[in-house]
Amino acid sequence: MAAPVTPGHTPYPVAPGDLSRGGLRDPPDTPPEPKQLPELIRLKRDGDRLSEGDIRGFVRAVVDGSAQGVQIGAMLMAIRLRGMDLEETVALTQALAKSGEQLEWPEAWRQQLVDKHSTGGVGDKVSLVLAPALAACGCKVPMISGRGLGHTGGTLDKLESIPGFTVIQSPEQMQGLLEQVGCCIVGQSKKLVPADGILYEARDVTATVDSLPLITASILSKKVVESLSALLVDVKFGAAAVFPSQAEARELAEALVGVGAGLGLQVAAALTAMDNPLGRSVGHTLEVEEALLCMDGAGPPDLRDLVTRLGGTLLWLSRQAGDPAEGAARVAATLDDGSARDRFERMLAKQGVDPRLARALCSGTPAQRRQLLPRAREQEELLAPADGTVELVRALPLARVLHELGAGRSRAGEPLRPAVGAELLVGVGQKLRRGTPWLRVHLDAPALSGPQRRALQGALVLSDRAPFAAPSPFAELILPPADPQQ
């Protein structure tokens with residue numbers, strides 16, 4: 001069954017123009033004095049709107065260091081508690097985007113420039129496959145990605161598990177990658193959207209991570225500087241996502257689409273389920289291996305389904321396909337004919353991986369690939385405690401145990417163990433016999449602890465119903481409100 005498609009609508013009330021700032025009267029001879037930070041904080045604390053100039057002043061103070069840490073935290077909490085309307089969120093996004101360098105591309109690329117962003121999940125290796133697949137379809141994909149924090153894995157961390165891969169690329173290097181490969185996956189440098197980097201770190205320690213305006217501005221500011229034709233945001237919902245319910249995820253999706261429209265950026269948002277891990281592998285090197293399997297035209301069906309649906313929608317939004325189904329078929333063809341894998345190999349070689357290693361990884365068998373990437377010292381299999389059909393594999397407890405084993409970080413800059421991870425040996429809907437191995441854990445410790453083993457066994461949910469086909473994680477698509485293709 002096709003996922004529902006919802007035309008986007010403005011998620012915030014748009015306040016009327018503030019006539020006290022001039023209205024229809026003659027403008028003053030001199031601009032008003034900029035407000036001091038304590039006054040701006042008080043205004044938002046009391047529920048008032050901030051003008052575009054107010055917001056620019058706050059962001060400027062964040063970047064030049066005149067804003068104290070306590071003042072940044074106070075403003076973030078005021079925004080978290082009082083919210084921002086559409087105009088304020090657009091202004092904040094623009095101010096963040098303009099706080100650093102802008103990326104500029106040849107005019108001939110305008111329609112080809114696309115990107116995808118995910119709010120984070122367990123086993124989410126879609127970007128590793130989608131960027132080269134879109135490049136093979138003729139797109140230019142300047143993907144600025146992030147690192148994992150907490151229980152979710154980061155795209156950059158996964159790629160850095162490949163020896164030699166370099167995530168820091170200058171704008172000139174990015175343009176070279178787009179010219180020669182068609183895609184790049186890079187980190188956020190201090191020169192690109194520096195204000196967002198400061199606010200992101202502050203949000204993480206001030207309990208303001210879940211603020212819709214702050215999430216929206218953070219995501220979109222990094223994409224505004226990319227000068228895209230179209231952006232698709234994969235908004236996860238479920239027990240292992242930032243938003244437990246589809247309704248909460250839809251609220252963020254509509255905010256992203258609405259603010260994107262206010263910025264002149266064509267944004268669509270897909271709502272996808274994150275109760276089970278995506279695919280069969282979780283952990284950095286294991287996910288690279290599974291991404292390559294997908295680019296072999298094989299691999300888990302849920303991963304392939306999400307890659308082709310998201311890619312097909314982006315091709316359609318950027319006018320490179322007649323409809324999402326046609327776009328999805330084109331993306332699937334790049335997986336089956338090896339052209340996506342070829343782009344991935346070229347991207348690896350251009351981003352610091354020894355070309356011989358890149359070639360061996362992309363042309364080798366799964367067993368050969370495992371010899372080329374970091375490997376854990378130990379493996380431990382867990383057995384099914386009873387007969388039954390796999391109803392669910394809870395992603396959150398699985399991710400938490402792997403985090404304890406070194407696959408995740410609790411604070412920025414903490415080292416990772418890239419080979420730590422887990423392979424699901426069964427799929428949702430499959431019949432399982434008692435004593436059958438269902439999970440293989442890769443670890444550097446001698447063995448799992450008792451609590452870790454119990455937590456992992458608790459992630460497996462069995463039922464007595466007949467085997468069934470696992471549903472697609474793709475649930476809903478929110479489209480730009482004024483998209484002429486609707």
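**Figure 1. Helices α1 and α2 pack against each other.** Axes are lines fitted to C-alpha atoms over the stretch in contact, and angles run from 0 to 180 degrees between N-to-C directions. The model shown here is predicted. Helix α1 covers residues 37-45, and helix α2 covers residues 52-64. Their axes lie 11 Å apart and meet at an angle of about 125°. Angles of 65 to 115 degrees count as roughly perpendicular and those over 145 as roughly antiparallel. The pair α1 and α2 is therefore oblique. Their crossing is left-handed. On the α1 side, the contact is made by L37, L40 and L43. On the α2 side, D54, F58 and A61 take part. Five of the contact residues are nonpolar, one is charged and none is polar.

**Figure 2. Helix α5 packs on helix α13.** This view joins residues 126-136, helix α5, with residues 324-336, helix α13. The angle is about 105°, and the axes are 9 Å apart. The two helices are therefore roughly perpendicular. From α5 come V129, A133 and A136. They meet V331, T334 and L335 of α13. By class, the contact of α5 with α13 holds five nonpolar residues, one polar and no charged.

**Figure 3. Helix α14 packs on helix α15.** Helix α14 spans residues 339-350, and helix α15 spans residues 355-363. Their axes are 8 Å apart, at an angle of about 155°. That angle makes α14 roughly antiparallel to α15. The crossing of α14 and α15 is right-handed. In α14, the contact residues are R341, F344, E345, L348 and A349. Facing them in α15 are P355, A358, R359, L361 and C362. Seven residues of this contact are nonpolar, three are charged and none is polar.

**Figure 4. L263 sits in a loop between a helix and a strand.** Leaving aside residues up to four places away in sequence, L263 touches V90, T93, Q94, L220 and V224. G279 lies 16 residues from L263 along the chain. The C-alpha atoms of L263 and G279 are 35 Å apart.

**Figure 5. The charged end of K140 sits over the ring of W109.** The distance from the charged end of K140 to the centre of the W109 ring is 4.8 Å.

**Figure 6. The charged end of R465 sits over the ring of F468.** Here the charged end of R465 is 3.8 Å from the centre of the F468 ring. Pairs of aromatic rings are a separate matter. With ring centres within 6.5 Å as the rule, the count of aromatic pairs is one.

Technical notes:
Residues are numbered from 1 along each chain as its sequence is written. This is a predicted model: local features need pLDDT of at least 70, side-chain atom pairs count only at pLDDT 80 or more; totals for chains, interfaces and linings use all residues. Side-chain values use heavy atoms; hydrogens and water are left out. Rings of Phe, Tyr and Trp (its six-membered ring) pair if their centres lie within 6.5 Å; planes under 30 degrees apart count as stacked, over 60 as edge-to-face and the rest as tilted. A charge sits over a ring if NZ of Lys or CZ of Arg is within 6 Å of the ring centre and within 35 degrees of the ring normal. Helices (H or I, at least four residues) and strands (E, at least two) are DSSP runs, numbered from the N terminus. Angles under 35 degrees count as roughly parallel, over 145 as roughly antiparallel, 65 to 115 as roughly perpendicular and the rest as oblique. A crossing is left-handed if the near helix is turned anticlockwise from the far one by less than a right angle, and right-handed if clockwise. Contact means heavy atoms within 4.5 Å. Ala, Val, Leu, Ile, Met, Phe, Trp, Tyr, Cys and Pro count as nonpolar, Asp, Glu, Lys and Arg as charged, and the others, Gly among them, as polar.
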